[in-house]
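Dear colleague,

Please find below the structure that I am handing over to you. My findings follow directly after it.

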Amino acid sequence: MAELEGTAVTPIARKGLTAIFAAFFRLGLMSFGGGTAGWLYREIVERRHWIDDSAFLSGAALARLFPGSSGVNLTIQVGQALRGAHGAVAAGLALLSGPFAVVILLATAYARARQISALHAILDGVAAAAIGLTFATGLKLVQFRLTSVGPLAVTLVTVLCVGVLRWPMIPVVLCVAPISIGLALVSKK
Amino acid sequence: MLDDIRTLLALTLVFAPLSLLSIGGGAALLAEIEHQSVSVHAWTTQREFADLFAISRAAPGPGTMLSTLIGWKVAGLPGALTATVALYLPSSLLVYGAARLWGRWRGSVWHTVVERGLAPIAAGLILAGGIAVLRVSPGGPAVWAAAIASTALILCWPRLHPLALFAAGGGLFGLADAVGLW
């Protein structure tokens, strides 16, 4: 951890393990429909200010490029930034333990309730709200980058290729990333 | 006893490699999990697999809890724990290593530039992720409309608690179903 301090762009205060566990336990139980990144942004960045926008975004990008659930990957990185190895373990365990219990409870209850068609409708409604949360997070982050045309174009191209045309994500990101990083380098000077 | 251990080992051998192969989301992984659990190991029937999949989507969680359910079905609580750890531990170790390396260069010029370059891509991937989930949702146009409405609600009213929104969405759809709207 020593190498993180002093040189950091935004100094990251070390958080207590209990606070980290509590925050990510909540996060795990709240993330319906794969909206973990949206919730993490709201709870950890906006509400608690534990990490800043740029740290969140670079973490989110890496999380999607690496194998595994992007929500878990983002959580491991944020836990690591907050309190090293212990933070990563606490955040990861906290994130998964709630859903682990819920999914097993649901499986036990489902056998009796599966004939009720309203159940499926209710789940569709919850999913729609969860998707809205994901969109709102993405749009907020676009606004944050509206200072120049380049980043906006990069975002649009990414949405078009991956979301609309359904091209495989890895090659798309490998093509767009050098251009985007180049743009960042040029605009810096 | 020996059989139990053999089952747990088999669960590990199926899910741990998949952990490192699940790049870019669940679609490819899902097909392989289905193949392994139904055809190769006969852990579930086709019907049971479909049910477990539905449950895993209904539950909260950062990713698929499908492996957890298959482990639970095959070997109870030890099976559920084994399958969950096997699916999440290898990829978590990998990303932890990457995060450590990345943190070491914090503050250097190229760290800042790469971070700023990746930001608009991450925003695009988050939006694309929302579109991908909408696409596989069985709810049709009503879900699209509700998703757009809830996006607008959150953007216009940032203090709105997402759980209230989830409850409203679930309640509205449940009501519409009860009334027989669709």
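After helix 2 of chain A comes A:His49, which has a positive phi, near 55 degrees. Please bear in mind that the model is predicted.

Within helix 2 of chain A, the buried residues are A:Thr36, A:Ala37, A:Gly38, A:Trp39, A:Leu40, A:Tyr41, A:Arg42 and A:Ile44.

Two packed helices are described by the angle between their axes and the distance between the axes. For helix 1 of chain A and helix 2 of chain A, the angle is about 145 degrees and the axes are 9 Å apart. The crossing of helix 1 of chain A past helix 2 of chain A is right-handed. Helix 1 of chain A contributes A:Ala23, A:Arg26, A:Leu27 and A:Met30 to this contact, while helix 2 of chain A contributes A:Thr36, A:Trp39, A:Leu40, A:Glu43 and A:Ile44. Classified by residue type, the contact between these two helices comprises 6 nonpolar, 1 polar and 2 charged residues.

I turn now to the contact between the chains. Chain A provides 90 residues and chain B provides 79 residues. On the side of chain A that touches chain B, at least two residues come from each of helix 1 (17-30), helix 2 (36-47), helix 3 (53-65), helix 4 (70-113), helix 5 (117-144), helix 6 (149-164) and helix 7 (169-188) of chain A. Helix 5 of chain A supplies the largest share of that side, with 23 residues. The side of chain A that touches chain B divides by class into 59 nonpolar, 26 polar and 5 charged residues.

Yours sincerely

Technical notes: Residues are numbered from 1 along each chain as its sequence is written. Chains are lettered from A and ligands numbered from 1 in the order in which they are written. This is a predicted model: local features need pLDDT of at least 70, side-chain atom pairs count only at pLDDT 80 or more; totals for chains, interfaces and linings use all residues. Two residues are in contact if their C-beta atoms, placed from the backbone, lie within 7 Å. Helices (H or I, at least four residues) and strands (E, at least two) are DSSP runs, numbered from the N terminus. Ala, Val, Leu, Ile, Met, Phe, Trp, Tyr, Cys and Pro count as nonpolar, Asp, Glu, Lys and Arg as charged, and the others, Gly among them, as polar. A residue is buried if 20 or more other C-beta atoms lie within 10 Å of its own, exposed if 12 or fewer, and partly exposed in between; C-beta atoms are placed from the backbone. Axes are lines fitted to C-alpha atoms, for helices over the stretch in contact, and angles run from 0 to 180 degrees between N-to-C directions. A crossing is left-handed if the near helix is turned anticlockwise from the far one by less than a right angle, and right-handed if clockwise.
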